[in-house]
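Have the structure open as you read.

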Amino acid sequence: MSLLENRDELSDQDILDAIDELVLAEGRELRLSLRAKEEFRRELFCSVRKLDVIQELVDDPSVTEIMVNGYRNIFVEKSGKIRKWEKAFSSEERLWDVIQQIAGRCNRVVNEETPILDARLANGARVNAVLPPVSLDGPVLTIRRFPDEPITMVKLVAWGSITQEAADFLKKLVSSGYTILVGGGTSTGKTTFLNVLSACIPREERIVTIEDNAELQLLGLDNVVRLEARAANLEGGREITIRDLLRTALRMRPSRIIIGEVRSGEAGDFLSCLNTGHSGSLGSAHANSVRDMIGRLENMVLMGMNIPIPVIRRQIVSGIEILVHLGRDGNGKRRVEEIAEITGLKGDEVQIRTLFRLDGENHLEPVNPLLHGEKLEKKYEKEEKEKTGL
């Protein structure tokens, strides 16, 4: 660092040249092997320009989660299994620097006054950091890494995450404009599944995506507007919430709105969007089952507005048509566990009809046919007319 301090703007190559000088000089005295020199070169560069010791984990496509519990303890998830990594940061100050570096690149602020950070890396990886005094044993950094190659429905079928029959069924639903809410626990693949479903949207439609941190990667769609929430900053910039973005999205003439995750009071605004002509929209929410998704939606709506439960349930029934629940098995494998249809109200209770469900052998089997198939029929009729030229 002392070699670099007296230089002006430095490119990556300038830094590598300075490191090479240092490594060659030290290498002659210590008689380092070529492999050791290359390792020192890479580690030094990562410590200056990248994410220090965890950069190799960020670059490793087999890693899905990186968990830093203080500077000494790093845990890694691979293939659904968590293990402790043998490396560590050199000091707590170095971990602080890395967190500040991530925050700065996303125009976010994290410090003792604002000790919680939600951000993303350049490769789209999701980042959460918590600093003292909230975290008692030093800074905590969690990075969820998404696959470099986009996941497709074909890959999910090949991996056994969904059957071909269920995949074809969901493709038809998305293409026909059914509104779908994807639910599941933490790290069950909700964001990935939203990406997969979005690939089935007709190319001519205009899509507006709304997220806390931009993670969705919509492929094959040209007319896409991406919106990201923003926290208030020290320069006087006011907070821009998901609710703000939902309201402004309605003025953008969207065919569909995709909300990365419904977490709080924005649920009421999301339901309002679904009930104002934006059929075919997609979203995700934390839930333990398809039935639990209804209760979660009710609670989240009440966080933002005080309206009677029966009114909320009528909005849910009018706005959402299909529920997809994701889960993980004992080996960490992500999969679709249930697909259900919201069929209406009976009394004040939302009625749910299971369409696909795991059987005793954990195979996704059809249970009931779709009750409300009007959109599918309309889509089929439109395609037939286009074929015949009528």
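Helix α8 is the top contributor to the lining of the largest pocket, giving four residues. The model is a predicted one, and this pocket has a volume of about 1,100 Å³. Its lining counts 47 residues, with T64, S187, G189, T192 and R334 closest to the centre. Besides α8 (190-198), the elements that supply two or more residues to this lining are the strands β1 (63-69), β5 (126-130), β6 (140-144), β12 (322-328) and β13 (334-346), along with helix α6 (153-159).

The structure holds one cavity of 30 Å³ or more, and the largest cavity contains about 130 Å³ of space. Among its 13 lining residues, N213, E215, G260, E261 and R263 lie nearest the centre.

Here is how the two linings divide by residue class:

Now for the helix pair. How do the axes of α9 and α10 cross? The axes of α9 (residues 242-249) and α10 (residues 266-274) come within 9 Å and cross at roughly 15°. Because of that angle, α9 counts as roughly parallel to α10. The crossing is left-handed. On the α9 side, I242, R243, L246 and R247 make the contact, and they meet E266, D269, F270 and C273 of α10. By class, this contact has four nonpolar and four charged residues, with no polar ones.

Methods
Residues are numbered from 1 along each chain as its sequence is written. This is a predicted model: local features need pLDDT of at least 70, side-chain atom pairs count only at pLDDT 80 or more; totals for chains, interfaces and linings use all residues. Side-chain values use heavy atoms; hydrogens and water are left out. Axes are lines fitted to C-alpha atoms, for helices over the stretch in contact, and angles run from 0 to 180 degrees between N-to-C directions. Angles under 35 degrees count as roughly parallel, over 145 as roughly antiparallel, 65 to 115 as roughly perpendicular and the rest as oblique. A crossing is left-handed if the near helix is turned anticlockwise from the far one by less than a right angle, and right-handed if clockwise. Contact means heavy atoms within 4.5 Å. Ala, Val, Leu, Ile, Met, Phe, Trp, Tyr, Cys and Pro count as nonpolar, Asp, Glu, Lys and Arg as charged, and the others, Gly among them, as polar. On a 1 Å grid over the protein atoms alone, a cavity is a set of points where a 1.4 Å probe fits but cannot get out, and a pocket is an open set with protein on both sides within 12 Å along at least five of seven lines; lining residues have an atom within 4 Å of a point. Grid points are joined across faces, edges and corners, and a volume is the space filled by probe spheres set on the points.
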